[in-house]
Amino acid sequence: MAIADHHNSDGKFWNFCTLWQSGTTTSSSSSSTQNLHSNQNGVGSNGARASTSVSSVARSLLPARRRLRLDPTNNLYFPYEPGKQVKSAVKIKNTSKSYVAFKFQTTAPKSCYMRPPGGLLEPGESIIATVFKFVEHPENNEKPVVDQKSKVKFKIMSLKVKEGVDYVPELFDEQKDQVTIERILRVVFLDPERPSPVLEKLKRQLAEAEAALESRKKPPVEAGPKVVGEGLVIDEWKERREKYLARQQVEAVDSV
């Protein structure tokens, strides 16, 4: 319609078109205003979505919040005794306010194993895990790797769980997106003949782990006899015997 107007020389027609255009100016301006507001609203919503997506990306780039505190923090120390199975220890504490499952993984499963390999920790609870490793003899007259990091690594993972959940390793497969890699520990060998603070601390942790293991092996203490009322002690065997005699008396009366 606007293109046809430029090619007509009829004044009346032009004036009519002008009046038509002037009549529609208000509506077009109002619609333009509405479009402007809608565009601004669209920009605002798009901006909000963009900021949300940016914040989610930023959160994904941040390091995961750790649920466990380890001691030692970065290494597992073993006494260097070639041809023997040696032990190390690491203290694991749940520093979160939730129940946490933990699990060990190693790059050398044939020569290493953990006790326990995984488990559940209540908020604030701690445990000393023992790690066993077989130390092979050096090949081709190589120098001992004492005080040096080995290629063997251990990975400790954590997973937030609900109270009352039974621990099974499959939890970490079922909830992969929620698993946090707490630490990757490197194996470091120590000279058992050379005293050091690290070696003494290792011995203390191993002793604590053994004591905790022995306490768990002990059978639960049996409860004493039941006390009812003012110090009346009920012997369960005597109670059963009295009930048996009472039943016999009733049967004798019935037979008569």
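Which residues of the largest nonpolar core touch the most other members? I looked this up in a predicted model, where local features need pLDDT of at least 70, side-chain atom pairs count only at pLDDT 80 or more, and totals for chains, interfaces and linings use all residues. Residues are numbered from 1 along each chain as its sequence is written, and side-chain values use heavy atoms, without hydrogens or water.

**Core.** I found Leu-68, Val-90, Ile-92, Phe-104 and Phe-154 at the top, in a core of 24 residues. A nonpolar core here is a set of buried Ala, Val, Leu, Ile, Met, Phe, Trp, Tyr and Cys residues joined through side-chain atoms within 4.5 Å. Buried means under 20% relative accessible area, exposed over 50%, partly exposed in between (1.4 Å probe, protein chains only). I then noted a separate core of 7 residues, including Ala-89, Ile-128, Leu-190 and Leu-206.

**Aromatic pairs.** I searched the whole structure and got 4 pairs. Rings of Phe, Tyr and Trp (its six-membered ring) pair if their centres lie within 6.5 Å; planes under 30 degrees apart are stacked, over 60 edge-to-face, the rest tilted. Phe-102 and Phe-104 pair edge-to-face, at 6.4 Å centre to centre and 85 degrees between the planes. Both Phe-102 and Phe-104 are buried.

Tyr-113 and Phe-132 are stacked, at 4.6 Å centre to centre and 5 degrees between the planes. Tyr-113 sits in strand E5 (residues 112–115) and Phe-132 in strand E7 (residues 126–134), so this pair ties together parts 19 residues apart in sequence. Strands are DSSP runs (E, at least two residues), numbered from the N terminus. I read Tyr-113 as partly exposed at 40%, and Phe-132 as buried at 7%.

Notes: Helices (H or I, at least four residues) and strands (E, at least two) are DSSP runs, numbered from the N terminus.
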